[in-house]
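Welcome! Here is a short tour of one protein model, topic by topic. Keep the structure open as you read.

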Amino acid sequence: ELDTLKQEAESKVKNPYHAGDALTPDLHREVFKGRIDLKEKFSAAILTAQRMPFFLIQGQRRVGKTSLLNFLPEILGDGFKIVRFDLQLATDCQDVPSWMNAIRQKVNATLKVKEEIEWQATDNWLQSWAELSEHISTISTHKGNKIILAFDEYEDLHNKGFVQSPQKAGQLLAAMRAFSQMQNQVVFLFVGAALFSELDEPRWSDFFPQAIHLPIHYLNKQDTVDLLIQPYDGFPIRYEPQLPAEIYDLTQGHPTLVQQIAYELVQRTYIDNRLLITEADLKAVIEERILTEGNGTVSVFWGQFCAKAIMKQTVLAIVEEKVPTDRASLKKLLRHQFIAKNGAGCYQLQVPLFEMWIRKFEVF
């Protein structure tokens, strides 16, 4: 009887959801849902390409771009070596030379290559790139693996290095494009919130007009509901019938918000020693745990994406059901899918919880 009670307690304790950083295969495989079309498009493009294009996985912050990167080795298989970089980190990028140094060091470590003399990039970016690209190409051919250089938060390379010398940066991007077009062993994968066309001096889109854009957005309704009601076989928690659809309506499938809400709901059932999630639970979690000033998902949108006053004014106008007057801000919000038109033809925030948060903390 004690063993049975222990097993029942453990089944209740297991909370599969993750309310923090990116998902990883070793810890969060069960709750990495959806993205089937994106996985198929990316793998098909890489596996069949005669010449490797540039790839851009682009989407709002906290919608699962880094999680997708974490699962890429499984998606693509053994023929690929994925070399990951987080360009927000000083170890991966302080400026352009340090970025190239990091590439060489990580490629060598990933493919187990030892060099007798440590190579260092210089302020001659073109010369350094010529030496680096030749090295990577030689390694990939010798080892028989395709190498994917995956640059997460790629905008930081632009901000930390390229804007300091736009002319040199343009020459470097042109050299990278030429290298990509000459071979099919090394793949450039950039991951970030910005489109190439949004980075100026130099403008990235001028150099990579044929880049394959892989937008990543929210989960669809079915994937959201599946994530809630059956994150793993034998999941003991149950919802009142209308709640999974209600959570989808509130989040529109925003992955981080869904994970946060589900995590908090499961925690409540464990504390109260029950298996049913109720409407009262959802209301309490939304008010006490989601609509908080420190909620990173919404505050990143408000504090970073809407950093400029004109962006905040445009969003506030939409929340107040007024006609926005700044066309550039409106276009940017549409381009990044933060807003959409409703049935009446008026603009509204895509995720209702974003509007609820703004109404609460912007004092309506």
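Two strands are said to pair if DSSP finds at least two bridges between them. With that in hand, let's look at this model, which is predicted.

**Strand 1 and its neighbours**
- In strand 4, Val 191 is the bridge partner of Ile 57.
- Strand 4 (residues 186–192) pairs with strand 1 in the parallel sense, over 5 bridges.
- Strand 1 also runs parallel to strand 5 (residues 212–215), joined to it by 4 bridges.
- Within strand 5, the residue opposite Ile 57 is Leu 214.

**How strand 1 is enclosed**
- In a regular strand, side chains alternate between the two faces of the sheet.
- Both faces of strand 1 are covered: buried Phe 54, Leu 56 and Gln 58 lie on one side, and buried Phe 55 and Ile 57 on the other.
- Because 5 of the 5 residues of strand 1 (residues 54–58) are buried, the strand is largely enclosed by the rest of the structure.

**The nonpolar cores**
- The largest nonpolar core holds 68 residues, and Leu 189 and Phe 301 have the most contacts inside it.
- Helix 12 (residues 255–271) gives the most to this core, with 6 residues.
- Apart from this core lies another, of 40 residues, among them Trp 99, Leu 111, Leu 149 and Met 176.
- Leu 189 touches residues including Phe 42, Phe 55, Ile 57 and Leu 69.

**Two packed helices**
- Helix 11 (residues 243–251) packs against helix 17 (residues 352–361) at an angle of about 65 degrees, and their axes are 5 Å apart.
- Helix 11 contributes Asp 249, Leu 250 and Thr 251 to the contact, while helix 17 contributes Pro 352, Leu 353 and Met 356.
- These contact residues divide into 4 nonpolar, 1 polar and 1 charged.

Notes: Residues numbered from 1 in each chain as written. Predicted model: local features only at pLDDT ≥ 70, side-chain atom pairs only at ≥ 80, totals over all residues. Heavy atoms only, no water. Core = buried A, V, L, I, M, F, W, Y, C linked by side-chain atoms within 4.5 Å. Buried < 20%, exposed > 50% of the residue type's maximum accessible area, 1.4 Å probe, protein only. Contact = heavy atoms within 4.5 Å. Axes fitted to C-alpha atoms, helices over the stretch in contact; angles between N-to-C directions. Nonpolar A, V, L, I, M, F, W, Y, C, P; charged D, E, K, R; others polar. Lists of a residue's contacts leave out its neighbours within four places in sequence.
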